[in-house]
Amino acid sequence: VQLAESGGGLVQAGGSLRLSCAASGSALRVDRMGWYRQTPGKQREFVAAIDSDGRTNYTDSVKGRFTVSRDNAQNTLYLQMNSLKPEDTAVYYCNADTVRYSGRYVEVWGQGTLVTVSS
């Protein structure tokens, strides 16, 4: 399975963006999918995740502003980001926990998409 993010860009504070993450390739199963972000000099941090049954989890700083969703039929993960703040500026990465046909668990990462929020 490979992941490819899109939808990043430059937006003013208070604006919105929608990130997408398309999964390609094959696996026995794709379990939890999520979004992480990273700024220069800092560790990658968790943003939001969604299980295969639709249960979601968010970091406190984005609760009420971001919404994570997935379309299992289209193998796509989304992150709707509203009321963006300059501190949301980061490279956003898509992540997926997959189970290969061999039974092996493999964590997959996308290449990242840059989100810049201007004040």
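A disulfide is taken here as a pair of cysteine sulfur atoms within 2.5 Å. In this predicted model, the structure holds one disulfide. The partners are Cys 21 and Cys 94, with their sulfur atoms sitting 2.0 Å apart, so the pair falls inside the 2.5 Å cut-off. Cys 21 belongs to strand β3 (residues 17–24) and Cys 94 to strand β9 (residues 90–99), so the link ties together parts that are 73 residues apart in sequence. As for geometry, the link of Cys 21 and Cys 94 is left-handed, with -80° about the S-S bond. Both Cys 21 and Cys 94 are buried.

Cys 21 also turns up among the neighbours of Thr 76. Thr 76 is part of strand β8 (residues 76–81) and is buried, at a relative accessible area of 10%. Leaving aside residues up to four places away in sequence, Thr 76 touches Ser 20, Cys 21 and Ala 22, along with Ser 69, Arg 70 and Asp 71. The side chain of Thr 76 also reaches the backbone oxygen of Gln 74, at 3.0 Å.

Then there is the backbone. Most residues other than glycine have a negative phi. Asn 75, not a glycine, has a positive phi of about 55°. Asn 75 lies in the loop between β7 (66–71) and β8, and with 42% relative accessibility it counts as partly exposed. Ser 83 is another non-glycine residue with a positive phi, this one near 50°. Ser 83 is found in the loop between β8 and β9 and is partly exposed as well, with a relative accessible area of 41%.

Notes. Residues are numbered from 1 along each chain as its sequence is written. This is a predicted model: local features need pLDDT of at least 70, side-chain atom pairs count only at pLDDT 80 or more; totals for chains, interfaces and linings use all residues. Side-chain values use heavy atoms; hydrogens and water are left out. Helices (H or I, at least four residues) and strands (E, at least two) are DSSP runs, numbered from the N terminus. Buried means under 20% relative accessible area, exposed over 50%, partly exposed in between (1.4 Å probe, protein chains only). A polar contact is a pair of N or O atoms within 3.5 Å; within protein, one must be able to donate a hydrogen and the other to accept it, and residues adjacent in sequence count only if both atoms are side-chain atoms. Contact means heavy atoms within 4.5 Å.
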